[in-house]
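Please look through the model below before reading my notes.

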Amino acid sequence: MRPLTEEETKTFFEKLAKYIGRNITHLIDRSDEAYCFRLHNDRVYYVSEAIMRKGMSVGRDQLISTGVCFGKFTKGRQFRLHVTCLDVLAQYAKFKIWIKPNGEMPYLYGNHVVKAHLGRITEDTPENQGVIIYSMNDVPLGFGVTARSTVATRKLEPTAIVAFHQADIGEYLRDEDTLL
């Protein structure tokens, strides 16, 4: 495990800022314990420094993961968030979408959120903004990117896409072999 380079940190924080904005500081400057981001096998992990120090005693080939996997860098050096960081993103999310019970299963199968399934949306959500998708019971289901702003969403037809699917908790079953 190694610290992220300056370029990797910039790419990672830009992607993370789409979903939680300035709340990134809450991830780094914690009052309970020191946490950091580390890179291992092109994956970024959010780990406490105490656990990170213990993980340093394990060889690179034997270490599978430590902490919370936020995502991975692709071969083109783009960063892709994984659903494994959903709990952390949900804590600090700026913009949220709640979907109705009849829209939960289609979303969990990997489909986009359509207007007919929209329960609520955070006020003043801009277009192309990262959002956390919740059930009406405030259970985080996944995250995505808005297709339209809050104002434009009100005028849409029921079959129009409100948010594009990025990741959902159904991926734990569909893609379990590639998450680690």
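This is a predicted model: local features need pLDDT of at least 70, side-chain atom pairs count only at pLDDT 80 or more; totals for chains, interfaces and linings use all residues.

The points below take the aromatic pairs, then the charges over rings, then the strands.

1. Aromatic pairs. The count for the structure is 12 aromatic pairs. One of them joins Phe 12 and Phe 13, whose ring centres are 5.5 Å apart with the planes at 35°. Planes under 30 degrees apart would count as stacked and over 60 as edge-to-face, so this pair is tilted.

2. Phe 12 has a relative accessible area of 0% and is buried. Phe 13 is at 25% relative accessibility; because buried means under 20%, Phe 13 counts as partly exposed.

3. Phe 13 and Phe 37. Phe 13 also pairs with Phe 37, at 5.9 Å centre to centre and 75° between the planes, which is an edge-to-face arrangement. Phe 37 is buried, its relative accessible area being 9%.

4. The cluster. Phe 12, Phe 13 and Phe 37 belong to one aromatic cluster, together with Tyr 35, Tyr 46, Phe 70, Phe 73 and Phe 79.

5. Charges over rings. Tyr 35, a member of that cluster, has the charged end of Arg 30 over its ring, 4.0 Å from the ring centre. Another such contact involves Trp 98: Arg 120 lies over the face of its ring, at 4.1 Å from the centre.

6. Partners of β2. Strand β1 (residues 2-3) runs antiparallel to β2 and is joined to it by two bridges. Pro 3 has Arg 38 as its bridge partner in β2. Strand β3 (residues 43-48) also pairs with β2 in the antiparallel sense, over six bridges.

7. The hairpin. How many residues lie between the strands in the hairpin of β2 and β3? There are two, and Asn 41 takes a positive phi near 55° in this hairpin.

Notes
Residues are numbered from 1 along each chain as its sequence is written. Side-chain values use heavy atoms; hydrogens and water are left out. Rings of Phe, Tyr and Trp (its six-membered ring) pair if their centres lie within 6.5 Å; planes under 30 degrees apart count as stacked, over 60 as edge-to-face and the rest as tilted. Buried means under 20% relative accessible area, exposed over 50%, partly exposed in between (1.4 Å probe, protein chains only). A charge sits over a ring if NZ of Lys or CZ of Arg is within 6 Å of the ring centre and within 35 degrees of the ring normal. Two strands pair if DSSP finds at least two bridges between them. Helices (H or I, at least four residues) and strands (E, at least two) are DSSP runs, numbered from the N terminus.
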